[in-house]
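Dear colleague,

My notes on what was found in it follow after that.

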Amino acid sequence: MKPAPFRYAAPRTLDEALAVLSQHGAEAKVLAGGQSLVPLLNLRLARPELVVDINRVAGLDAVRHEDGWVEIGALVRQWDAERDPLVRSQVPLLAQALGYVAHPQIRARGTLCGSVAHADPAAEIPLVLTTLGGEVVAARAGGSRTLPAEAFFLDLFTTALASDELVTAIRLPAGGFQGTAFCEFSPREGDFALVAVAVALRWDAGGRIQEARVGVSGVGPTARRVVEAEAALAGEEKSRSAAQRAGEAVAAAVHASGDVHASAEYRRHLARVLTERAVVQAMAIGGEGVDAQ
Ligand SMILES: Cc1cc2nc3c(=O)[nH]c(=O)nc-3n(C[C@H](O)[C@H](O)[C@H](O)COP(=O)(O)OP(=O)(O)OC[C@H]3O[C@@H](n4cnc5c(N)ncnc54)[C@H](O)[C@@H]3O)c2cc1C
């Protein structure tokens, strides 16, 4: 199919882009990598009057380390972020997750900010942002605001972004965890996951876990942290039994619903198994291995 007719704007500066959105935001759609928007246009599920192509806007394609955050601009492609030395050293969980996003051809064009703005409930990048307590920077003509992930993602494909706002960057806390892991299950490689789990752990010199972050997607309208699993891990020695308890805590905490892809029970089962697996993997990173108990 071909898209319904639309007008096209290709601003070259952020101010120009924000001015266009301030005038036409309600009937406009921003085009970044186009990997979600173009299929929606072609299927006529989206019929904007104006497409605002931000690909020529200068200054949005950088990865920066500032004030304890790694900031990733709106035109940084998923493929580039996965290989970025700053991302790999400071936010390894994101690099691990990006390997699961779609196929290399799609990651070569798709942006991280586009994925966040699109807010697919099964997408990997919103899950990492939520798990690590990341932020979204949204600009409009005359100002910008920074929203924590949990205030940004509201529902299925629904965010707190206003129609005249542009996501200019996402920010993730730099460093802080020795062990991270991302696990998901999808029917075919490159498909959206049925369930995905992200884990980040910090432990002391004796191997006792001081802080745990556990996030899950595929069991609700948005990705979420599971504080019950984080509490089950805090203060524990790294061990398989602690990982099992975290998995059980996730299964008890989530309220999955069934759909054409999987029953609620199967999603809950996946959440338990993938949490256990991700925690074991996160514990093993750092070379100390996991106690078999
Ligand atoms: C076959 C296929 C498989 C895929 N599998 C996966 C997968 O497994 N996991 C996954 O996470 N994703 C998957 N995707 C989606 C892919 O990751 C997209 O790249 C991503 O969702 C959107 O990024 P984009 O830059 O292409 O955004 P676009 O398609 O350009 O835009 C998507 C939406 O976000 C808005 N938008 C984009 N950028 C901004 C911005 N800076 N500010 C405000 N609004 C903005 C657009 O207006 C549009 O509504 C898949 C896509 C395809 C085609």
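**Sheet, ligand shell and helix pair**

G215 stands opposite R225, a residue of β14. Please keep in mind throughout that this is a predicted model. The strand that β14 is joined to here is β13 (residues 209-217), and the two run antiparallel with two bridges between them.

These strands belong to an open sheet of four, whose order is β11-β12-β13-β14 and whose pairing is antiparallel. At its edges lie β11 (179-185) and β14 (224-225), each of which pairs on one side only. Helix α8 packs on this sheet, where it touches β12 (195-203), β13 and β14, and the direction of α8 makes about 30 degrees with that of β12.

The ligand may be of particular interest to you. It is surrounded by 28 residues, of which G33, A102, G110, G114 and A123 are the closest. Two or more residues of this shell come from each of β2 (28-31), α2 (37-42), α7 (112-118), α8 (124-132) and β10 (166-173), and α7 gives the most, with five residues. Sorted by class, the shell holds 16 nonpolar, nine polar and three charged residues.

Helix α11 (residues 240-253) packs with helix α12 (residues 264-284) at an angle of about 150 degrees, and their axes are 8 Å apart; the crossing in which α11 passes α12 is right-handed. On the α11 side the contact is made by R240, A243, Q244, A246, G247, E248, V250 and A251, while α12 brings R268, A271, R272, V273, T275, E276, V279, V280 and M283. Taken by class, the residues of this contact divide into nine nonpolar, three polar and five charged.

With best regards

Key:
Residues numbered from 1 in each chain as written. Predicted model: local features only at pLDDT ≥ 70, side-chain atom pairs only at ≥ 80, totals over all residues. Near = placed C-beta within 6 Å. Nonpolar A, V, L, I, M, F, W, Y, C, P; charged D, E, K, R; others polar. Pairing = 2+ DSSP bridges. Contact = placed C-beta atoms within 7 Å. Axes fitted to C-alpha atoms, helices over the stretch in contact; angles between N-to-C directions. Left-handed = near helix turned anticlockwise from the far one by under 90°.
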